[in-house]
Amino acid sequence: MKRFISATLVVVLALSLMLTLSIGISATELKTAIGTVETRSGLRLREKASIVSDTICIAPYQDQVVIIRKVNDWYLVNYNLHIGYMHADYLSIDYRTDIDLGTGSLDPWLTNVRSSASTDSKVVKQVHGGDKVEILGFDNGWYKVTIDDASGYIRSDLVTLLEKPAKNKGTDVKQNSDASFGSAPSITVSRGQQIASFALNYVGCPYVYGGTSPSGFDCSGFVQYVFQQNGISINRTATAQLSNGYSVSYNDMKPGDIVYFGYGSTASHVGIYVGNGNFVHAQNSSTGVVITSLSESYYANRFLCAHRIVD
């Protein structure tokens, strides 16, 4: 009898260990926050935490992401079921918010649904691996969920998301030459939009007077570099670039147009229009390459003209 009990205990312990290991393998990382895209020109989801890393897709303004963790100046995120990196400067962060994340699947063999976002709170229901929950909010690492007749909270590392957030406008297709910012792949991207999109790769690069490479740009060096990398040769200095392309009115500007600032026939600053009233430029030694609104008083007062280089 003692041998039978001992053998039974060994089997139970072995099964428990196997379950523990399976939970550890299948469980995902605890999520830390919900991020909202705050740049009107869209925010790139990249394969690595680098401005020169490949783009997975582009999230439109106000789309939301599930943040996994911070990696230096970047966040590792889940955007529309894609895992990648977004630059921290262009996301606003909420640690507690209502958000419809759609359906999620439970990973562990057994999971507690609790009355509040705490392991000390009351268990209101137990659910099993593979069960589906509807995710309606986020609270400091926990998902607010409903399942059957119960509602409560489950730790976010125990749930796999199955749908993109209900209010997100962006698609979940890989960004390429056939898809524009957050648009369906059937929409053709103009050459100017491609150039604007390429220019956004260099947001965060340093400003260096006389610089013409990603290790350091000045304003006209940045514009010249972007066009050169897209097979188009333009002049070197801001004033000289006034002779490139043809003039377009302020209201007719399109992404990829060059915008000039200064007085009279002299341009003292230059950038690339990216849409929605914004342009990207190598601003100064304090900021480097940034996205700025044309409505900012400094630039609005000095706006000179806009030129189109490609149609």
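**Reading strands, cores and cysteines**

Guide: Strands β4 and β5 form a hairpin with two residues between them. In that turn, asparagine 72 has a positive phi of about 55 degrees. Strands here are DSSP runs of E, at least two residues; helices are runs of H or I, at least four; both are numbered from the N terminus. The model is predicted: local features need pLDDT of at least 70, side-chain atom pairs count only at pLDDT 80 or more, and totals for chains, interfaces and linings use all residues.

Visitor: How many bridges join β4 to β5?

Guide: Two strands pair if DSSP finds at least two bridges between them. Here β4 (residues 64-71) and β5 have five, and they run antiparallel. Isoleucine 67 stands opposite valine 77 in β5.

Visitor: Which strand does β5 join through six bridges?

Guide: That is β6 (residues 82-87), again antiparallel. Tryptophan 74 stands opposite histidine 87 in β6. β5 and β6 form a hairpin too, with two residues between them. Asparagine 80 in its turn has a positive phi of about 50 degrees.

Visitor: Which residues lie on each side of β5, and are they buried or exposed?

Guide: In a regular strand, side chains alternate between the two faces of the sheet. Buried means under 20% relative accessible area, exposed over 50%, and partly exposed in between (1.4 Å probe, protein chains only). On one side of β5 sit Trp74, Leu76 and Asn78; on the other, Tyr75, Val77 and Tyr79. Both faces are covered, and all of these residues are buried.

Visitor: Where is there a hairpin with three residues between its strands?

Guide: Look at β20 and β21. Six bridges join β20 (residues 278-284) to β21 (residues 288-293), running antiparallel. Asparagine 278 has serine 293 in β21 as its bridge partner.

Visitor: Which residues touch the most other members of the largest nonpolar core?

Guide: A nonpolar core is a set of buried Ala, Val, Leu, Ile, Met, Phe, Trp, Tyr and Cys residues joined through side-chain atoms within 4.5 Å. The largest has 51 residues, and Met86, Phe222 and Val280 touch the most other members. Its largest share, six residues, comes from helix α3 (residues 219-229). Apart from this core lies another, of 17 residues, among them Leu106, Ile135, Tyr143 and Leu158.

Visitor: How many residues of α3 are buried?

Guide: Nine of its 11. They include Cys219, Phe222 and Tyr225. Just after α3, glycine 231 takes a positive phi of about 80 degrees.

Visitor: Which residues is asparagine 244 in contact with?

Guide: Contact means heavy atoms within 4.5 Å. Leaving aside neighbours within four places in sequence, asparagine 244 meets Ile234, Asn235, Tyr260, His307 and Ile309. Asparagine 244 lies in the loop between α3 and β17 (246-248). This residue counts as buried because its relative accessible area is 12%.

Visitor: How many disulfides does the structure hold?

Guide: A disulfide is a covalent bond between the sulfur atoms of two cysteines. The test used is a pair of cysteine sulfur atoms within 2.5 Å. The structure holds zero. Cysteine 205 is buried, with a relative accessible area of 4%. Cysteine 305 is buried too, at 17%.

Definitions and conventions
Residues numbered from 1 in each chain as written. Heavy atoms only, no water.
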